[in-house]
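Please keep the sequence and the structure in view while reading.

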Amino acid sequence: MSTGIQALLLLAICLFANCEWLLGTCMIQRPLVLGLLTGLAMGDIKQGIIMGATMELAFAGAVSIGAYDPPDTVSATVLGVALAIKAGGGAALALTIGIPVASVVLAISNVTGYPILQLFAHAMDRNIAKGNDKAFQRNYILSGLIAWGITAPIVPLAFYFGADKVEGLVNYIPEFVQTGMEIAGGLLPAMGFALLAGTIWRKDIAPFFFIGYFIVAYTGVSTTGVSLFAILILVALYFMTNSENSPFISHKKETVAVEEKTEVGGDFDEF
């Protein structure tokens, strides 16, 4: 398959992944999914899955919470996996390429995407004021397609013009540097887990985390087995804490005195 056709396939993958805002949170932007699709486009599904799974671990904490915008996992995974497969490298090379690309594309997206959304937001305000629902729907769809799709061509262009350069560069990288890249690739998933744990860490959850860790470390039970035990414990705790006969909750009935008052202003009177 020619480089041009592969670049077009990568463009289609990026456009599809950037439509997640329209399809709902269906996880198509996750590296685990994009690695498979990129491997399919590059003709090496096995390496695509392996690299995508490794990048998924590295970007485990890359989740949009509140006003936080995580690094662009779409460009990082698609370009990183595509160039790594093209150059004959492994997951470490995909991570080395993908992580800086994710930060650069995020910066470009913030500079270009949000002003476009603001322009369309004002246009949709005018549509609502005029009662033009068809124009509102059209502008809503166009705003997302343009704002989030504007960075999609970066990946295929970088792949088309940079694939040969990356392949040649890899051949000149000294062995000790490649070893360092592999070590860094092994550390990055741990950082991803740490970022994810930092967002969900609570005192009442910590004991269960260490219980699972010690079970795997000292009994030889696989992580799948620990996950099944965790599901059973979760179900048991749910029924134990929600049952009427549960010893973990108090069922004493409290009498609450309700004071009658005369409403003056109805539901809208808050004073």
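Read along the sequence, the protein chain of this predicted model follows the pattern α-α-α-α-α-α-α-α-α-α-α. The chain accordingly holds 11 helices and 0 strands. Of its 271 residues, 32% are buried.

The interior may be considered next. In soluble globular proteins, nonpolar side chains tend to be buried together. In this chain, the largest nonpolar core has 33 residues. Within this core, the residues with the most contacts are L10, M51, M55, V78 and F159. At least two core residues come from each of the helices α1 (3–17), α3, α4, α5 (73–87), α6 (91–130) and α8 (154–172). The greatest contribution is that of α5, which supplies 10 residues.

Two residues illustrate contacts with other parts of the chain.

| Residue | Residues in contact |
|---|---|
| M55 | P31, A76, T77, V81, A94, L95 and G98 |
| N18 | Q29, V74, W148 and A152 |

N18 is found in the loop between α1 and α2. Is this residue, N18, buried or exposed? With a relative accessible area of 9%, N18 is buried, because this value is under the 20% limit for a buried residue.

N18 also belongs to the lining of a cavity. The structure holds 1 cavity of 30 Å³ or more, and the volume of the largest cavity is about 40 Å³. Besides N18, its lining comprises C14, D72, V74, S75, V105, T151, A152 and V155. By type, these lining residues divide into 5 nonpolar, 3 polar and 1 charged. Two of the lining residues, V74 and A152, are also among the residues that N18 touches.

How many salt bridges are counted in the model? The count comes to 1 salt bridge, in which the side chains of R30 and E56 meet at 3.0 Å, N to O. R30 lies in the loop between α2 (20–23) and α3 (31–42), whereas E56 belongs to helix α4 (residues 45–58), so the pair ties together parts that are 26 residues apart in sequence. Both R30 and E56 are buried.

Terms used:
Residues are numbered from 1 along each chain as its sequence is written. This is a predicted model: local features need pLDDT of at least 70, side-chain atom pairs count only at pLDDT 80 or more; totals for chains, interfaces and linings use all residues. Side-chain values use heavy atoms; hydrogens and water are left out. A salt bridge is a side-chain nitrogen of Lys or Arg within 4 Å of a carboxyl oxygen of Asp or Glu. Helices (H or I, at least four residues) and strands (E, at least two) are DSSP runs, numbered from the N terminus. Buried means under 20% relative accessible area, exposed over 50%, partly exposed in between (1.4 Å probe, protein chains only). On a 1 Å grid over the protein atoms alone, a cavity is a set of points where a 1.4 Å probe fits but cannot get out, and a pocket is an open set with protein on both sides within 12 Å along at least five of seven lines; lining residues have an atom within 4 Å of a point. Grid points are joined across faces, edges and corners, and a volume is the space filled by probe spheres set on the points. Ala, Val, Leu, Ile, Met, Phe, Trp, Tyr, Cys and Pro count as nonpolar, Asp, Glu, Lys and Arg as charged, and the others, Gly among them, as polar. A nonpolar core is a set of buried Ala, Val, Leu, Ile, Met, Phe, Trp, Tyr and Cys residues joined through side-chain atoms within 4.5 Å. Contact means heavy atoms within 4.5 Å. Lists of a residue's contacts leave out its neighbours within four places in sequence.
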